[in-house]
Amino acid sequence: MKKQVTLFTEYTKGVWDQNPVFKQVLGMCPALAVTVSAMNGIAMALATTFVLTFSSLIISLIRKVIPTQVRIASFILIIATFVTIVDLVMRAQFPALSKELGPYIPLIVVNCLILGRQEAFSSKNTPGRAVLDSLGMGTGFLIALGSLGGIREILGSRTFLGLQVMPNAFDPWLVMILPAGAFLSLGLMMGFLNHMNLRKKDREERELVARHLQEPKMSLEHGEEVKSWS
Amino acid sequence: MKIILSMLATLSVIGIVSGGGLAMVSSWADPLIAANKKAATEQAIFQVQTAAKDYKKMESVEYELYKVFDESGNAVGYALPWEGNGFQGKIRIMIGLSADASTITAIEILEQVETPGLGTKIAEDPFRGQFEGLPADPQVDWVKGAPPTKENEVQTITGATISSKAIVAIVNDGISQLRSDLASGEDMAQGGAQ
């Protein structure tokens with residue numbers, strides 16, 4: 001039996017440590033396709049979070065009733081229901097946004113982030129934890145899509161959330177709003193974040209070694225810890 | 001056997017509950033979606049026919065066609081949604097035409113999936129504005145790399161020649177279809193069969 005983590009960690013792990021886009025590399029299709037502007041990214045992330053949260057809640061509530069053999073089919077049915085609800089509501093209330101996001105709203109059904117969380121988490125945990133986990137993953141997704149969309153919008157069309165932020169003298173980088181720009185920005189962002197992470201780990205490791213070198217009477221436990229860091 | 005039954009039961013129950021829920025949401029959303037669609041069409045009609053105050057859908061033709069009237073009820077022309085192939089996919093435009101279908105009042109791009117930054121310029125004024133008050137007699141022609149010299153010419157966009165030519169082709173196609181229908185059916189001149 002794995003150790004239960006605190007409820008707070010249940011939420012925050014999705015925001016950073018297991019960020020769906022930067023760390024788990026899930027949900028790439030919407031992350032790359034709709035992030036031509038910050039608004040599109042945010043809308044997509046909110047729609048995904050809604051679907052993720054409600055399907056997680058329902059699935060963790062009925063997790064003991066679903067026979068293992070048909071669990072994936074049941075998950076897809078439940079997810080598809082919520083996606084259709086989002087699609088209808090968006091088309092009724094936000095026609096402009098819905099036109100912009102186009103086919104990518106129905107495609108949330110097959111977003112591996114959502115199915116992945118159901119299979120890995122909601123189908124094994126209590127409803128409260130499942131909802132917290134989903135909200136955390138949703139927040140992580142929002143941060144990723146919002147920043148990716150923001151960077152592409154600023155460099156590709158000189159605006160941020162529709163407001164001009166770059167001077168007219170700045171020539172917009174057309175490639176940023178083309179598909180290639182999505183791959184370039186995402187790749188560079190992931191590279192940068194991994195580089196920062198490695199540096200942080202490296203520094204921690206060095207500090208640890210330095211501390212142990214200062215204290216010659218180090219215990220065996222600590223020695224093992226040093227090994228596990230490398 | 002027991003497992004098969006429980007599998008069937010689970011999926012059926014989920015399906016029925018989902019279906020019921022969606023039917024409820026859909027019965028709320030459908031009228032709103034239809035209203036949005038109508039508002040978008042209406043807006044496009046009034047954008048290509050600035051003098052228009054009222055419009056009526058023509059039922060005598062197989063395609064969508066709107067006859068447009070000014071405030072005193074006189075027919076001022078037509079608004080014709082037409083589509084064709086662009087550079088990457090379908091382009092759908094609203095063409096505004098004078099009452100005798102000889103002059104274009106304006107065009108409006110309704111749907112397009114052209115290259116951002118290049119082909120998407122077809123929806124911007126330097127190109128789109130060229131169609132305002134353009135005589136389409138006998139048809140619209142395009143010129144490349146130089147300002148138009150004849151009345152019925154438009155200049156293509158640098159870097160988006162295919163998209164520009166596609167617009168011209170769609171406009172010509174729509175107008176010639178409308179003209180042939182206007183010539184054959186006299187009842188259309190009376191203001192539609194509705």
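Strand 4 and strand 5 of chain B form a hairpin with 4 residues between them, and Ala101(B) in that turn has a positive phi of about 60°. Strands here are DSSP runs of E at least two residues long, while helices are runs of H or I of at least four, and both are numbered from the N terminus. This is a predicted model, in which local features need pLDDT of at least 70 and side-chain atom pairs count only at pLDDT 80 or more, while totals for chains, interfaces and linings use all residues. Residues are numbered from 1 along each chain as its sequence is written, with chains lettered from A and ligands numbered from 1 in the order in which they are written.

Strand 4 (residues 90-98) and strand 5 (residues 103-111) of chain B run antiparallel and are joined by 6 bridges; two strands count as paired if DSSP finds at least two bridges between them. If you want a spot to look at, find Gly96(B), which stands opposite Ala106(B) in strand 5 of chain B.

Now step back along the chain. Another hairpin joins strand 3 of chain B to strand 4 of chain B, this one through 4 residues. These two strands pair in the antiparallel sense over 9 bridges, and Asn85(B) stands opposite Lys90(B) in strand 4 of chain B.

Tyr66(B) is a handy landmark. In strand 3 of chain B its bridge partner is Ala79(B), and Lys57(B) stands opposite Tyr66(B) too. Lys57(B) brings us to strand 1 (residues 54-57) of chain B, which pairs with strand 2 (residues 66-69) of chain B in the antiparallel sense over 4 bridges.

Residues are in contact here if their C-beta atoms, placed from the backbone, lie within 7 Å.

Helix 1 of chain B also takes us over to the other chain. The axes of helix 4 (residues 71-93) of chain A and helix 1 (residues 2-48) of chain B come within 9 Å and cross at roughly 5°. That is why these two helices, helix 4 of chain A and helix 1 of chain B, are roughly parallel to each other, a label given to angles under 35 degrees, with over 145 called roughly antiparallel, 65 to 115 roughly perpendicular and the rest oblique. The residues making this contact include Leu77(A) and Ile85(A) from helix 4 of chain A, and Leu11(B) and Val25(B) from helix 1 of chain B.

Finally, chain A itself. It has 9 helices and 2 strands, in the sequence pattern α-α-α-α-α-α-α-β-β-α-α. Chain A is divided into domain 1 (7-175) and domain 2 (192-229), with bounds that come from an automatic or database domain assignment. The C-alpha centres of those two domains of chain A lie 36 Å apart. Inside chain A, the axes of helix 1 (residues 7-15) and helix 7 (residues 127-157) come within 6 Å and cross at roughly 25°. Helix 1 of chain A and helix 7 of chain A are therefore roughly parallel to each other. Among the residues that meet there are Tyr11(A) in helix 1 of chain A and Leu132(A) in helix 7 of chain A.

Methods. Axes are lines fitted to C-alpha atoms, for helices over the stretch in contact, and angles run from 0 to 180 degrees between N-to-C directions. Two residues are in contact if their C-beta atoms, placed from the backbone, lie within 7 Å.
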